[in-house]
Amino acid sequence: MASIGVVLPGPAAFDAWRDQARRMLAAEVPPEKVEWRVAGEAAGLFSGSAAGLFGGAPPPASKAPPVAVPRAFPALAEVAIRHRDPERFALLYQVLWRLTHGSHGLLEDHADPNVNRLEAMAKSVRRDAHKMHAFLRFRCIQAEGGPHYLAWFEPDHHILHAEADFFVRRFASLRWSIITPEASAHWNGTALTFGPGGSRHDVPREDAVEELWRTYYASIFNPARLKPAAMRAEMPKKYWRNMPETRDIARLIAEAPARAAEMVARGATPPALRRQRDVHLTPPPGVPKAMDLLAPSDPTAALAALRAEVLADHTLAWAAQSTQAVFGEGPIGARLLFVGEQPGDEEDIAGRPFVGPAGRLFNRALEEVGIPRAETYVTNAVKHFKYTPTGRRRIHQSPDAGDIAHYRPFLRREIEIVGPKLVVSLGASALRALTGKAVAVGKARGQVLALPDGPPVFPTIHPSYLLRLPDAAAKAAEYQRFLADLRAAAAAARA
Ligand code: URA
């Protein structure tokens, strides 16, 4: 039998490979008689072939029935086919052939060279995908129609098409492009498309979020656990140039011995204790936190240290699914400090409080009553976005009493450093965080509550309450009440 050539439409075209493999099996074409190619890839005699069949033998029947294979095979094959090894298609067909020619249990034999190689390929592909999720960094550019986020990434394997969905789910409300050397993926907020590859120079090297990554990395870098070899293995150097924070690695490593010695001298927080929820409520005596070591006379440094501590806090398991912690923003010494509930979808991505729909309503209300937002400090009771993933959307989940209690010491310290005349709580979670107990907003609204250990609190509703009101007349009336509350709060802060 002469060899049969198969041209696949793409480097990881699993469906096409499966269809062609079924046809070969139906015609009993043995593995050594099939040559696999990718359309457009330079491959000697057949370079430039379009998808389909080539070669000397008559093409087997175009429709072939599905074949019975263990369920694990398609799952393994779908991942392994993304490997860059040019032999992958042939290896897959070889294993398929053996599965259907007397070795149905082949996949259980992990020592078999074919199986072993296929599993190693799939593992390498999964690892590549993990690196892409962890090390891809978007840069923001101003494009027609608003901000567009661009990322450059060099995967080891053909994973872009398969992994693009992960980024759609994660950044569904943004417009973004991921450029790789062989292909690009583009999301416009509603549709995902793929295009040709590009170059690193298509993506700017710096933008405003760069500083955030650098602060974040510096804050989670633990000098006492310095293992440069393990670091390099986990974060290979090829990703470094895309990652702003890696610019600080050499300095952080150089400073590590001195910082570790300093940590020992002052007694670092034991990790086991750090995981306990109540540690943040009542820090054990003699366990100073970085922020406590800073002179109170330097509120800017104290706020930066607190921010770093919040960004590095991984105590609550659910917080790991958020993009980042969202810290407060505004000038130290602001007379008015607003506390919301928790960042929403847009805040989670932007890393700033109140920039989504509730934030836009809040800004409008502030403007109407003549309070410049830039002169206020705005933060949240809970610093991470808590949500339920549902398809491509992330549905807001209210924080529970434990979540609010966990972040309370951070909030109190934040308020202490900013030093406002009045704190305005927006909604029930904020009020709970400030008073330490459940208080009905409807009852406390519009009053100035004196607290034993901080500035007075002025409760009002959360702007998202207005967004949820279905009745236009009720919405307009409630909005006016909200404006009245803001005016009263501004007057109280002046008094
Ligand atoms: N809702 C909040 O409570 N805070 C934000 O930052 C955004 C929405």
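Start by selecting helix α11 (residues 299-311) and helix α14 (residues 401-418): their axes come within 10 Å and cross at roughly 165°. (Axes are lines fitted to C-alpha atoms, for helices over the stretch in contact, and angles run from 0 to 180 degrees between N-to-C directions; helices are DSSP runs of H or I with at least four residues, strands are runs of E with at least two, and both are numbered from the N terminus.) That makes α11 roughly antiparallel to α14, a label for angles over 145 degrees. The crossing of the pair is left-handed, so the near helix is turned anticlockwise from the far one by less than a right angle.

Before moving on, a word about what you're looking at. This is a predicted model, in which local features need pLDDT of at least 70 and side-chain atom pairs count only at pLDDT 80 or more, while totals for chains, interfaces and linings use all residues. Residues are numbered from 1 along each chain as its sequence is written, and side-chain values use heavy atoms, with hydrogens and water left out.

From α11, pick Pro299, Ala302, Leu303, Leu306, Glu309 and Val310; they meet Phe410, Arg413, Glu414, Ile417 and Val418 of α14. Eight of the residues in this contact are nonpolar, none polar and three charged; here Ala, Val, Leu, Ile, Met, Phe, Trp, Tyr, Cys and Pro count as nonpolar, Asp, Glu, Lys and Arg as charged, and the others, Gly among them, as polar.

Zoom in on β14 and strand β15 (residues 454-460): they run antiparallel, joined by two bridges, and Leu449 stands opposite Val457 in β15.

Next, jump to another open sheet, five strands in the order β4-β5-β6-β7-β8, again with mixed pairing. Its edge strands are β4 (139-143) and β8 (192-196), and the twist averages 25° from one strand to the next. β4 pairs with strand β5 (residues 146-152) in the antiparallel sense over five bridges. Look for Cys140 opposite Tyr149 in β5.

Technical notes. Parallel < 35°, antiparallel > 145°, perpendicular 65-115°, else oblique. Contact = heavy atoms within 4.5 Å. Pairing = 2+ DSSP bridges.
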